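Student: I would like to go through this model one element at a time. Can we start once the structure is shown?

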Amino acid sequence: MVYDVIFVLGERFCDHPLCGVAILKRLLEKNNYSVGIIEIPKTEKDITKLGKPNLFFGVSSGSIDSMLRNYTALKKKREEKEVLNYTQEVPDRAAIVYSNWIRKKFKDSLIVLGGIESSLRRFTHYDYWQDSLRKSIIFDSRADILVYGYGEKQCLEIAKRISNKEPLFGIEGTCIKSRELPKGFIELPSHEEVSGSKGKFCEMQNLLDNNKDLAQKTGNFYILQYKFPKYSSKDLDEYYELPFTRKISIDYLKGFEFSVVTHRGCIGNCNFCSLKLMSSGRIISRSEESILKEVEYLTKLPYFKGNIDDLGGPSANMYGMDCDKCNNNCIDCKKLDKSHSRIIHLLRQIKKVKGIKNVYVRSGVRYDLANDEYLEELKHHIPGKLKIAPEHISPDVLEMMNKNKGNLDDFIKRFKKLGCGELVFYFMVAHPGSTMKDAKELAEKTKKLKNTESVQIFTPTPMTISTCMYYTGLNPKTKKPIYVPRTYKEKKDQRRILG
Ligand code: SF4
């Protein structure tokens, strides 16, 4: 069989809505395109096993950057079994390796890059593992086009354009190489400029915006970013209602077979997080009807035991906080609907569905948004302990993280008073701005809090604001110098002090 589209993936595929490529596959099939999957190719010969596709190869390293997957925060090669329960071998810079294998075997085939590794390397970026700047991944991969963020609309449009022999320029949510700078594009400092000046690198960081058409000159080319497409509730309803078998073959997803995704996006804008660079920065919630329809469908599956494993999204309690009236920062906006009325109503409605015993919320909860009414409902849905991620307690470090929004002690008090059970905490050390004194304060706090589930050392992943701070030693907004724990010794010391 000759497939229209072949996806090459750096992780196991499962036909489940938690797997992004499964959504793309099902959606393309709904639109009459045939789709093949090559999972974790080990050699260039593996790339050839389904032949050449009629339309394009889609290449992704999977749901995590391959360098983050293969190395610890201190750049030590990870042991296979440690790696987030992955057990397969993925090469360093997998997206580049796979694309070049394709180029070698199928010279004239079209290559579409996608996934987190490519999305976050679409312009010049600091690569922590190499400790230097790299050009857009489009150059090293020799791909024809790059899809950033969720790729449903982009993949359908690319498939249509190739079928109709139309050019690939102008597709929202993509990046492409061009000799020309089109009108209306905001020009970022060039690759050559940011390579020679940390101040220019900060300027580039401040201009990154998914809702704008951007361009960056690199040598004789421009990398063009077409702004992110608008997704609606209706779009999400369509995608999550596709006919997945929901069989899970990936270890780290086991136990999440009966999870239901309620929304996309996050309005938290934490400086170390890449989510904002993968979406429009707004919440898009599915309709309650569509979610209930999915839950009813789950109750009819033969192996369903009555439990929804997780009802959530990037932050479980942001469901229903949709607003797209302006371009400002939602989390600080008085107009943001923080009532939690939609998520409370949804949880109550799902409980009423015949065959449902428990609706668990395992996704993280943004504690600084959670009001008492929500907590009263949430306490019936916590599977053991509720996870929250204050990340730090020092006001200065929290400001650097853009996480200085809530009052942790007040939340813990309310949580206990309402009899919600136990909390577990996630913290981060060695973020830019964090000194040993801050780490000691955090250590004191964690002793009192007891239930610290995880303390991670900050890893500078490509294109985030925190990574810009790490690389430049500057606060990009003010261009003032900031303290950066850079040596392995200090990173380890900050980690060790927390026990
Ligand atoms: S009005 Fe407020 S909540 Fe709505 S989009 Fe603007 S900043 Fe966000």
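Student: How many bridges join strand β1 to strand β3?
Tutor: This is a predicted model, and the strands in it are β1, residues 5-9, and β3, residues 56-60. The two run parallel. The number of bridges joining them is five.

Student: Which residue in β3 is the bridge partner of F7?
Tutor: β1 and β3 run parallel, and F7 has its bridge partner in β3. That partner is G58.

Student: At about what angle to β3 does helix α3 run?
Tutor: Helix α3 covers residues 94-105.

Student: Which strands does helix α6 touch?
Tutor: Helix α6, residues 152-163, packs on the sheet. Its direction makes about 155 degrees with that of β3. The strands touched are β3, β4, β7 (145-147) and β8 (174-178).

Student: Which strands stand at the edges of the open sheet of nine strands?
Tutor: The order in this sheet is β2-β1-β3-β4-β7-β8-β11-β10-β9, with mixed pairing. Each edge strand has a single partner, so one of its sides has no neighbour in the sheet. Neighbouring strands are turned by 25 degrees against each other on average, direction ignored. The edge strands are β2 (35-39) and β9 (186-188).

Student: Are α1 and α6 parallel or oblique to each other?
Tutor: The axes of α1 (residues 20-30) and α6 come within 10 Å. They cross at roughly 40 degrees, and α1 passes α6 in a right-handed crossing. The two helices are therefore oblique.

Student: How many residues in the contact of α1 with α6 are charged?
Tutor: From α1 the contact takes I23, L24, L27 and L28, and from α6 it takes E152, C155, L156 and A159. Seven of these residues are nonpolar and none is polar. The number of charged residues is one.

Student: How are α10 and α11 oriented to each other?
Tutor: Helix α10 spans residues 288-299 and helix α11 spans residues 341-351. Their axes are 11 Å apart, at an angle of about 30 degrees. Angles under 35 degrees count as roughly parallel. The orientation of α10 and α11 is therefore roughly parallel.

Student: In which sense, left-handed or right-handed, does α10 pass α11?
Tutor: E288, I291, L292 and V295 in α10 meet R342, H345, L346, Q349 and I350 in α11. By class, the contact has five nonpolar, two polar and two charged residues. The crossing is right-handed.

Student: How many nonpolar residues are in the shell around the ligand?
Tutor: The ligand is surrounded by R282, C323, K325, C326, N328, N329, C330, C333 and L336. Two residues of the shell are polar and two are charged. The number of nonpolar residues is five.

Student: Which residue in β19 stands opposite K385?
Tutor: β18 and β19, the latter being residues 422-429, pair in the parallel sense over five bridges. Opposite K385 stands E422.

Notes. Residues are numbered from 1 along each chain as its sequence is written. This is a predicted model: local features need pLDDT of at least 70, side-chain atom pairs count only at pLDDT 80 or more; totals for chains, interfaces and linings use all residues. Side-chain values use heavy atoms; hydrogens and water are left out. Axes are lines fitted to C-alpha atoms, for helices over the stretch in contact, and angles run from 0 to 180 degrees between N-to-C directions. Helices (H or I, at least four residues) and strands (E, at least two) are DSSP runs, numbered from the N terminus. Angles under 35 degrees count as roughly parallel, over 145 as roughly antiparallel, 65 to 115 as roughly perpendicular and the rest as oblique. A crossing is left-handed if the near helix is turned anticlockwise from the far one by less than a right angle, and right-handed if clockwise. Contact means heavy atoms within 4.5 Å. Ala, Val, Leu, Ile, Met, Phe, Trp, Tyr, Cys and Pro count as nonpolar, Asp, Glu, Lys and Arg as charged, and the others, Gly among them, as polar. A residue is near a molecule or strand if one of its heavy atoms lies within 4 Å of it. Two strands pair if DSSP finds at least two bridges between them.
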